[in-house]
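Please read the following report alongside the sequence and the model.

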Amino acid sequence: MFRIIKKESVAMHVEEMVIHAPHIAGSAQAGNFIILRIHDTGERIPLTIADSDCDAGTITILFQKAGKTTEELASLKEGDSIRDIAGPLGHPTPLKRCGRAVLVGGGIGSATLFPILKALKKKRNRVTVILGARTSDLLVWEHKFGEIADKMWLVTDDGTSGKKGFVTDALNEVVENEKVDIVIAVGPIRMMQAVAELTRFHDIPAIVSLNPIMVEGTGMCGACRVSVGGKTKFACVDGPEFDAHEVDFEEIARRLAFYKREEMESLHKYRTSCKGRCRGK
Amino acid sequence: MRARNAEKRKKDFKEVALGLTEKEAVREAKRCLQCKKPMCVTGCPVEIDIPAFISAIREKDFKRGIEVIRRYNMLPAVCGRVCPQENQCQGKCVLGKKNAPVAIGALERFAADFEAKKGVPKKPEKPKLNRRSVAVIGSGPAGLTAAAVLAKTGYKVTVFEALHEAGGVLTYGIPEFRLPRKIIEREIDFVTSLGVEIKLNWVVGKIQTIDDLLKEGYDAVFIGVGAGSPRFMEIPGENLNNVYFASEYLTRVNLMKAGSFPKYDTPVKRGKRVAVVGAGNVAMDAARTAVRLGAEKVYIVYRRTSAEMPARLEEVEHAKEEGVEILFLSSPKEIIGDKHGHVSAVRCDAMRMCEPDESGRRRPECSGNEFILEVDQVIMAIGQTANPLLTRSVKKLRLWGAGYIEVDEEGATNIPGIFAGGDIATGAATVISAMGAGKRAARAIDSYIKNKK
């Protein structure tokens, strides 16, 4: 069992959770994720390790209430426990001194980018961060990023915070005005796809972090397979980060939507039932 | 062995094979010739004293029967159910030359089930601890066996399991209708009753490396992580929606209980017309699971003929009884999708078997004809290969082939103190051969640690 030390709402539908998991905190690196299962009848879902504190023995996750499991997770309180957490999983982000990096985050994608930003700064890179969301209430951790990033752009579709428009508008402005050595983008599939196209046009290396459906997370089941450069890769062990210019975004979008009906059914059943309050009674 | 009615059993996940009654078991045991040089034992990867346990059953001393087995085999209730006995002990039985061989597997299962039913006190004597410790990675058949043997010898053993449940392939891979969960739980309880600690959700290779484990004070490490990486055919359409690798399909149903969705949160797609590619035990398991999830038609698509099918005879028979149709000499060349990217058909080459080559092996070749099988779900069950997650994290570990660990006969790797066995060393094989490897490695670890002192 893994105890929840702290829980806080950090944006609309977005929760931050600090969990006691010393063995994971001690070995987590930027780019790693965990797979958790709330209870015995739960599903296994992957979530990025957004931060970790080796001394306190804790990891931090950020998640958006988007389905049954994340809604149920959000209903847990400080002091409650999560049944299973496996991790750290996935390849760490390959980080080195590369010069100027731009991180582009959409919505909950910030969770993945934060440890990458910290690690890039440790390697003395110059890092510009572009965070985007539909509206200002959906921006996640913009202040935490602002404290570390060399340059910070906020972008919202409706202009309620920062610049009005899309993250790619901001990215375009950045790459036209300065030399950029690498772009790392994490967010909704279409956003990452747009970043891939823009960076391809400007001939800038780009990395995206993919979030396909996973079951076990150690390369055994193949649920998370994605096509990269025409080859099948498993996001859990070969990724989750891949060369943005090689990813088949249409395929991953299609595979992500495969269980839509079951996801709706499960969420509906949860909302109309006791919302987990009667568990164990 | 008697089995439940096919029409009834198709609708649930309860065990199909019913096992022997006491009367049947004794009668079967009496058929055994008690050979002076028992061939059956030579066919058993863990060398159970088969005549001895059968003789106990003949004398209705079932307690002694299971005691004999337990001396050699840590998981008798499992092996009695999943071993390919026709290629092992029963395949060597001299009675088999003219008539049916003694049903050794069924007798083994009978003895194990007797123990479970009668609740024979099986509390093993707590071994004297020798203050040495061994780390076992993976809680499948190889790992559990190595752990049990080492614990009995007096070692403090910790088993590290990446998933949230122990048992490895027994838990995520083999369906309940063939191996009920409570049997696996019982066998695992037996192993933990020996003092073995099992750490779940513990991904060695990520949390710490094997080097770390040795530095932490473990005297030796046994790697039994299995061959858990699905093999693909590399044909067009493999990533279409509703194409599953058998390991995902079975993990969803066996480990995550997707058959009970939405009571359990993990879903699985229920295909109406399902093609399962491959003809091993995993293929049979997937096909029969699809039947139970309500498929109207399930095909096994296999490029060779019935003579080459690697599955256990009993599973093939059970699958056929449940309405699974086997298409021999059929090799998928493309999975066709509809406009939404969902499976709609499989294009197959019709094959024919060549004349035996120099090695005497017949290979299938394209006959030049092809056909289209209309299905809405495809399950790939053409085998597994080495999973690199752990082996990648061990520097200088010598590998062979597709990433399997190179070991000597006793399971020693090229690095002192690191041992391996089961599918990660041999490539995908059977539960019992993994157990045999676990047992041999445990003995080798014992002598390695004793010599090190």
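## A loop cysteine, its sheet and the cores

Not counting residues up to four places away in sequence, C354(B) touches R362(B), R363(B) and E365(B), where contact means heavy atoms within 4.5 Å. This is a predicted model, in which local features need pLDDT of at least 70 and side-chain atom pairs count only at pLDDT 80 or more, while totals for chains, interfaces and linings use all residues. Residues are numbered from 1 along each chain as its sequence is written, chains are lettered from A and ligands numbered from 1 in the order in which they are written, and side-chain values use heavy atoms, with hydrogens and water left out.

C354(B) is found in the loop between β11 and β12 of chain B; helices (H or I, at least four residues) and strands (E, at least two) are DSSP runs, numbered from the N terminus. Between C354(B) and C366(B) there are 9.7 Å, C-alpha to C-alpha, and the two are twelve residues apart in sequence.

Elsewhere in chain B, strand β2 (residues 156-160) is mostly covered, with four of its five residues buried, that is, under 20% relative accessible area (1.4 Å probe, protein chains only). From β1(B) the chain crosses through helix α9 (residues 141-153) of chain B to β2(B) in a right-handed β-α-β crossover, meaning that, with the strands pointing away from the viewer, the path from the first strand over the helix to the second runs clockwise.

| Strand pair | Sense | Bridges |
|---|---|---|
| β10(B) and β11(B) (residues 343-353) | antiparallel | seven |
| β1(B) (residues 133-137) and β2(B) | parallel | five |
| β2(B) and β3(B) (residues 197-199) | parallel | three |

A nonpolar core is a set of buried Ala, Val, Leu, Ile, Met, Phe, Trp, Tyr and Cys residues joined through side-chain atoms within 4.5 Å. The largest has 72 residues, of which I50(B), F53(B), I54(B), I57(B) and V157(B) touch the most other members. Helix α18 (residues 431-452) of chain B gives the most to this core, with nine residues. Because domain 1 (6-118) and domain 2 (133-228 + 384-452) of chain B both give residues to this core, it lies between them.

Note on methods. Pairing = 2+ DSSP bridges. Buried < 20%, exposed > 50% of the residue type's maximum accessible area, 1.4 Å probe, protein only. Domains from an automatic or database assignment.
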